[in-house]
Amino acid sequence: MYLSFDLGGTNIKAGIIDKMGNIIIKQSLPTAENKDVDEILQQFIEISKTLLAKAKLNQQEIQGVGVGLPGFIEADKGLVIKAPNLGWENIHIKQNLEGLLPYPVFLSNDANAAALGEMWKGAGQGCKDLLCLTLGTGVGGGVIIGGQIYNGRYGLAGEIGHFQVNPHEGRKCNCAKIGCLETESSASALIFYGECAVKKGEKTVLAEIMKKKKKLTGRDVTETALHGDKVALEIITNAAYYLGFALANIYTVVAPQKIIIGGGLAGAGDILFKPIIKWFNNFSFENIKGEEIIFPAKLGNDAGIVGLAKLIEQGVKNHAKNSCLD
Ligand SMILES: [Zn+2]
């Protein structure tokens, strides 16, 4: 059994997963408001007690703990280099948590963990090389090569959301670059363009929604588009164009078997996926044009905790192999 903590700025999703990748039990609760490291680690300990009790398991049945979080990490050291959403910098999560729980701890960026989950039990089953995208408030990315997360130097690999797609006319991104994919194709981007259209006085149902609620959500834009609103559809098509462009170009480096797209926005379905695939084909190599490469994710919010279980399995195996060599 494996114990996973998918830590976000808003919620902690936790679960116990068996060696087949089945979720035995799971729980979600709000992240400690001040995001203090010690307080969050205490939350982990409390959750682990609750989950073990509810699943009627004892400590020895857990082989390891996986922690996923939004940030740059050094996986080998179990070090969080920087996690802006949590306000963390240079935090030795592995070391700290191993001092509190009797298990080996493995650390991952959350989008990478989700990618591993999709490979194991989701839309990427049977693949060893995958690219995964999570379209939410931002755009998260994960790269799996040879069945393993590829972290790269300083954990910077797979940051697909910061692939520059509009460097001359785009907006400034949180990362300080201009025109990153995240500024064109995330929920925040849909909201930005939706509110712009309303302010410009364009004829759209979004104007009525804004009048009522004073602001928009990504879902407002996708649902309005699904009902045939031309302005909202154009915003989605613009997001899809940049996704297709970025993915076709990233494909030339990684050439994965599949590209999997999840996250809240992926719920828009065909109105998003069809133009993504169209533009992906448009910018792709001739020899893969028309091949089915892009798929919607399957695991939803569970991808992270399932992927972390796989990470623990791989980590424990590596550790055992190295110990034998000693
Ligand atoms: Zn960026």
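Predicted model: local features only at pLDDT ≥ 70, side-chain atom pairs only at ≥ 80, totals over all residues.
The axes of helices H5 and H7 come within 8 Å and cross at roughly 70°. That angle makes H5 roughly perpendicular to H7, a label for 65 to 115 degrees (under 35 counts as roughly parallel, over 145 as roughly antiparallel, and the rest as oblique). Their contact joins Ala187, Leu190, Ile191 and Gly194 of H5 with Gly218, Asp220 and Val221 of H7. By class, these residues are four nonpolar, two polar and one charged.

Residues are numbered from 1 along each chain as its sequence is written. Helices (H or I, at least four residues) and strands (E, at least two) are DSSP runs numbered from the N terminus. Axes are lines fitted to C-alpha atoms, for helices over the stretch in contact, with angles from 0 to 180 degrees between N-to-C directions. Two residues are in contact if their C-beta atoms, placed from the backbone, lie within 7 Å. Ala, Val, Leu, Ile, Met, Phe, Trp, Tyr, Cys and Pro count as nonpolar, Asp, Glu, Lys and Arg as charged, and the others, Gly among them, as polar.

| Helix pair | Axes within | Crossing angle |
|---|---|---|
| H5 and H7 | 8 Å | roughly 70° |
| H7 and H8 | 7 Å | roughly 115° |

The contact of H7 with H8 is made by Val221, Thr222, Thr224 and Ala225 of H7 and Ala232, Leu233, Ile235 and Ile236 of H8. Six of its residues are nonpolar, two are polar and none is charged.

Which residues of H7 are buried? They are Gly218, Asp220, Val221, Thr222, Thr224 and Ala225, where buried means 20 or more other C-beta atoms within 10 Å of the residue's own. These buried residues pack against H5, H6, H8 and H9. After H7 comes glycine 228, with a positive phi near 95°.

Elsewhere, five strands form an open sheet of mixed pairing, in the order E3-E2-E1-E4-E8; strands pair if DSSP finds at least two bridges between them. E3 and E8 stand at the edges with a single partner strand each, so one side of each is left without a neighbour in the sheet. From one strand to the next, the twist averages 15°. E2 and E3 run antiparallel and are joined by seven bridges, and asparagine 11 stands opposite proline 30 in E3.

How values were computed
Buried ≥ 20, exposed ≤ 12 C-beta atoms within 10 Å, placed from the backbone.
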